[in-house]
Amino acid sequence: MRAIALYPLKLEPSMHVKVWGGSRLKTHLNKPQPTDAAYGEAWELHDTSIVANGSLAGKSLRELTTACGAALIGSGTDPRDGFPLLAKFIDADQWLSIQVHPNDEQALDLEGEPRGKTEAWIVVHAEEGSRLVIGVQPGASREDVAAAISENRLENHMRYAGVREGDVLYIPANTVHALGPGLLIYEIQQSSDTTYRLYDWGRLGLDGKPRELHIDKGLGVANFDHAPDIRRPESELIVDGEQFMTWRHELKNDSRNLKTGGVFQALTCLEGEIRAAAADHEPIALAKGETGLIPACFEEFALSGVGAVLRSCPRSPQ
């Protein structure tokens, strides 16, 4: 089979209707919404993402991961497990469920999945008074939480925190958490959709029925002893996790040459318009809310333009 020639890829998002979704993906990020439904998530980077430019237009990242392997994603990740990271915008018009995710070992044991879910939130927009849940109140036991779930009063045991634009929260697997109303965030995470809902505020799903809870599994993996801190980073490196890293680069009509470290680089524009170029290939232009990908086969790439861009990648094995 002829080798696939990779180049900087521009990606089309996958839009997801959610019972708690709103309209900020359209009003703040110019995302096209196919219907008048409440869209809560735009999956920017995932197996299901579709290439929008060049000779590979129409191909999914899953197809390219399978066909290209390390040339696309880098070494240290098995292509058979799919694209390793997921990036999405989330618009919370109501509280999301109070939930928890397993770590890698637990995901394999409980679900037969190759990855758990550690994630990070970057606050893109926050209405006045916006809050989120991060962890449980000190002293709350597993038994206390189980009883509160059964009596529909779990909110009384949660640890709440206010947030504003620019805040960053790194959320290891096993952390109890929930997004509150009025928040638009960018989430970068291990590519896993394994979520254990502990509590859903007594609401009905899109089908008019209560959404499924996963109380036994959720309580089994939840860490009640630690809650991560909300940070306001002072450097370009805003997330420095075990599985992935994220930088926020600001450009003022200048350019920046960067190394890939042998792993792919995901780029999402938050402000202005950014161009990304590698070798002698046609650059990609990313407007606010748009995402692109620099494959791992390029040693370096260049960013230029005026605006702000988030750059994420797996932690390099080198």
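Which residues do ring pairs link into a cluster? I started my notebook with that one, and the cluster consists of Trp-95, Tyr-160, Tyr-199 and Trp-201. A reminder to myself before going on: this is a predicted model.

**Entry 1: overall form**

I looked up the secondary structure and found six helices and 20 strands in the protein. The C-alpha trace spans about 60 × 40 × 40 Å along its principal axes. I then checked the radius of gyration: a compact globule with 318 residues would come near 20 Å, and the protein has 20 Å, so the two agree. Burial was next on my list, and 52% of the 318 residues count as buried. I also looked at contacts between residues at least 6 apart in sequence, and 77% of these join residues at least 24 apart.

**Entry 2: aromatic pairs**

My search of the whole structure for aromatic pairs turned up six. One of them is Phe-83 with Phe-264, a tilted pair with 4.6 Å from centre to centre and 40° between the planes. I traced where the two rings come from. Phe-83 belongs to the loop between α3 (70–73) and β5 (85–92), while Phe-264 belongs to the loop between β16 (244–259) and β17 (265–277), so this pair ties together parts 181 residues apart in sequence.

Trp-95 sits in the loop between β5 and β6 (98–100) and Tyr-160 in strand β9 (residues 158–162), so the pair ties together parts 65 residues apart in sequence. The two partners needed separate burial notes. Trp-95 has 15% relative accessibility and counts as buried, whereas Tyr-160, at 26%, counts as partly exposed.

**Entry 3: charges over rings**

I looked for arginines placed over aromatic rings. Arg-311 has its charged end over the ring of Trp-247, 3.9 Å from the centre. Arg-142 lies over the face of Phe-224, and here the distance to the ring centre is 4.6 Å.

**Entry 4: nonpolar cores**

The largest nonpolar core holds 36 residues, and the members that touch the most others are Leu-9, Leu-45, Leu-72 and Leu-293.

**Entry 5: cysteines**

How many disulfides does the count come to? I got zero. I wanted to know why for Cys-68, and the distance settles it: the closest cysteine sulfur, in Cys-297, is 8.1 Å away, too far for a bond, given that a disulfide needs the sulfur atoms within 2.5 Å. Cys-68 is buried, with a relative accessible area of 15%. For Cys-313 the nearest cysteine sulfur is again that of Cys-297, this time 15 Å away, and Cys-313 is in no disulfide. Cys-313 is buried as well, with a relative accessible area of 5%.

Note on methods
Residues numbered from 1 in each chain as written. Predicted model: local features only at pLDDT ≥ 70, side-chain atom pairs only at ≥ 80, totals over all residues. Heavy atoms only, no water. Phe/Tyr/Trp six-rings, centres within 6.5 Å; stacked < 30°, edge-to-face > 60°. Helix = DSSP H or I, 4+ residues; strand = E, 2+ residues; numbered from the N terminus. Buried < 20%, exposed > 50% of the residue type's maximum accessible area, 1.4 Å probe, protein only. Lys NZ or Arg CZ within 6 Å of the ring centre and 35° of its normal. Core = buried A, V, L, I, M, F, W, Y, C linked by side-chain atoms within 4.5 Å. Rg over C-alpha atoms; globule rule 2.2 N^0.38 Å. Contact = heavy atoms within 4.5 Å.
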